[in-house]
Amino acid sequence: MTNLRIGHGYDVHRLVEGRKLILGGVDIPWEKGLLGHSDADVLVHAVMDALTGAARLGDIGKLFPDTDPKYAGISSLKLLAEVGRLLGEKRFAVVNIDAVLLAQAPKVGPYRPQMEANIAAALGIEAEQVNVKATTEEGLGFTGDGSGMAAHAVVLLEKLNNI
């Protein structure tokens, strides 16, 4: 049996007025934000689902249900830190995270290093283990017409031997 596990995560949220736009734990100045029970950080949500999938922990809906008022408005980085704690209990170490944000606007290039650092800090890993990229969908679909944002993440975990 191998000690490596791959996970894939995907998340999507609608863009609305009157909400902050939080991506990778960074408050990005923009006219709209993402709608959701927590801070709706679509990028961190995709990362969490990839991690929980690789470790067979279920998904973020199971771990942090949107019907629970204690998660209303919560920072997704706090939820990510809890996922990191659960990974540690199961003796999983993050090898790397690769994530992509799908959004027509705003441009997030200047914020990517801070997003990577925030995700890494929440998990207690090095920023070099996290890669965040972004792409537009050239005006196509709900991300292209500006009605929402989506994110995909792929992670590699290593199961640590009991020493």
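**Exercise 1.** Find the partner of lysine 133 in a salt bridge, and state where both residues lie.

*Solution.* Lysine 133 pairs with aspartate 98; their closest N and O atoms are 2.5 Å apart. A salt bridge here means a side-chain nitrogen of Lys or Arg within 4 Å of a carboxyl oxygen of Asp or Glu. Lysine 133 sits in strand β6 (residues 130-135) and aspartate 98 in strand β5 (residues 92-102), so the pair ties together parts 35 residues apart in sequence. Helices (H or I, at least four residues) and strands (E, at least two) are DSSP runs, numbered from the N terminus. Lysine 133 is partly exposed, at 30% relative accessible area. Aspartate 98 is also partly exposed, at 29%. The classes are buried (under 20% relative accessible area), exposed (over 50%) and partly exposed (in between), with a 1.4 Å probe and protein chains only.

The model is predicted: local features need pLDDT of at least 70, side-chain atom pairs count only at pLDDT 80 or more, and totals for chains, interfaces and linings use all residues. Residues are numbered from 1 along each chain as its sequence is written, and side-chain values use heavy atoms, with hydrogens and water left out.

**Exercise 2.** Trace the salt-bridge network that includes Arg85.

*Solution.* Start with glutamate 82. Its side chain meets that of arginine 85 in a salt bridge (2.6 Å, N to O). Go on to glutamate 89. Arginine 85 and glutamate 89 form a salt bridge too (2.3 Å, N to O). They are four residues apart in helix α3, again about one helical turn. Glutamate 82 is partly exposed at 27%. Arginine 85 is partly exposed at 41%. Glutamate 89 counts as exposed at 54%. Shared partners join Glu82, Arg85 and Glu89 into one network.

**Exercise 3.** How many salt bridges does the structure hold?

*Solution.* The structure holds four. Among them are Lys133 with Asp98, Glu82 with Arg85, and Arg85 with Glu89.

**Exercise 4.** Name the residues of the positive surface patch, then locate arginine 56.

*Solution.* Arg56, Lys62, Lys90, Arg91 and Lys159 gather in the patch. Patch residues have over 30% relative accessible area and no salt bridge; like charges are joined within 9 Å, and nonpolar side chains (Val, Leu, Ile, Met, Phe, Trp, Tyr) within 5 Å. Arginine 56 is in the loop between α1 (42-54) and α2 (60-63). Its relative accessibility is 69%, so arginine 56 counts as exposed.

Notes: Areas by Shrake-Rupley, 256 points an atom, 1.4 Å probe, with all protein chains shown as cover. Lys, Arg positive; Asp, Glu negative; His and termini not counted. Charge placed at Lys NZ, Arg CZ, Asp CG, Glu CD.
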